[in-house]
Amino acid sequence: MTTSRRETASVAGLVGLLAAAGVTHLVRPALYDGLIPRALGAPRPWVLGSGVAELACAAAVTVPATRRLGALATAALFAVVLPGNVTMAVRMQRSRRPRTARRRVALAVAWLRLPLQVPLVLWALRVARRAA
């Protein structure tokens, strides 16, 4: 794979991830309500707003003229959602609901996804750097 193809694949992957996450936030917002820290109030506006933000970032990264700005916004978005991911993991850990096999897997995924924010931020920054 040439550098150009790698860059194209990287951009397409980032756009695909953002678009899928954005659509999911809008179509199935209840999945994300638990990520919103209680201090922020009602979760639904935050969930829907983050879905719109993800779709806006995807659109901006898609267009070469706005790719750099869109990728920088994506990196910021990935960093900003980290507290929500921590909130979800902590809430699941503290939950008194029975620990079925499915819930144990969900809990493990919630904790394992936290360090994944770092490569996501770096990926977006790499796309921004190459778009400059």
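Trainee: What relative accessibility does alanine 53 have?
Mentor: Alanine 53 sits in helix α2. Helices here are DSSP runs of H or I with at least four residues, strands are runs of E with at least two, and both are numbered from the N terminus. Buried means under 20% relative accessible area, exposed over 50%, and partly exposed in between, with a 1.4 Å probe and protein chains only. Alanine 53 counts as partly exposed because its relative accessibility is 28%.

Trainee: What pLDDT must side-chain atom pairs have to count?
Mentor: Residues are numbered from 1 along each chain as its sequence is written, and side-chain values use heavy atoms, leaving out hydrogens and water. This is a predicted model: totals for chains, interfaces and linings use all residues, local features need pLDDT of at least 70, and side-chain atom pairs count only at pLDDT 80 or more.

Trainee: How many helices does the chain have?
Mentor: Read along the sequence, the pattern is α-α-α-α-α-α. Strands number 0. The helix count is 6.

Trainee: What percentage of the chain's residues is buried?
Mentor: The C-alpha trace spans about 50 × 30 × 20 Å along its principal axes. The chain holds 132 residues. Buried residues make up 33%.

Trainee: What share of the accessible surface belongs to carbon and sulfur atoms?
Mentor: Accessible areas come from the Shrake-Rupley method with a 1.4 Å probe; for residues, only the protein chains shown count as cover. The chain's total comes to about 8,100 Å². Carbon and sulfur atoms account for 68%.

Trainee: Of the contacts with a separation of 6 or more, what share joins residues 24 or more positions apart?
Mentor: Contact means heavy atoms within 4.5 Å. Take the contacts in the chain with a separation of 6 or more. Residues 24 or more positions apart account for 64%.

Trainee: Which residue pairs with arginine 44 in a salt bridge?
Mentor: Side chains of opposite charge can pair when their charged atoms come close. A salt bridge is a side-chain nitrogen of Lys or Arg within 4 Å of a carboxyl oxygen of Asp or Glu. The structure holds 1. At 2.6 Å, N to O, arginine 44 meets aspartate 33.

Trainee: How many residues apart in sequence are the parts that this salt bridge ties together?
Mentor: The bridge joins the side chains of arginine 44 and aspartate 33. Arginine 44 lies in helix α2 (residues 43-62) and aspartate 33 in the loop between α1 and α2, so the parts tied together are separated in sequence by 11 residues.

Trainee: Which helix gives the largest share of the nonpolar patch?
Mentor: Patches take residues with over 30% relative accessible area and no salt bridge; like charges are joined within 9 Å, and nonpolar side chains (Val, Leu, Ile, Met, Phe, Trp, Tyr) within 5 Å. Val23, Leu26, Val27, Leu48 and Val52 form this one, with about 400 Å² of accessible area together. The elements giving two or more residues are α1 and α2. The largest share, 3 residues, comes from α1.

Trainee: Which helix gives the largest share of the positive patch?
Mentor: Lys and Arg count as positive, Asp and Glu as negative, and His and the chain ends are not counted. A charge is placed at NZ of Lys, CZ of Arg, CG of Asp or CD of Glu. Arg6, Arg126, Arg129 and Arg130 gather in the patch. The largest share, 3 residues (117-131 is the helix range), comes from α6.

Trainee: What relative accessibility does isoleucine 36 have?
Mentor: Isoleucine 36 is in the loop between α1 and α2. Leaving aside neighbours within four places in sequence, isoleucine 36 is in contact with Gly41, Pro43, Trp46, Val47, Thr87 and Arg91. Isoleucine 36 counts as buried because its relative accessibility is 14%.
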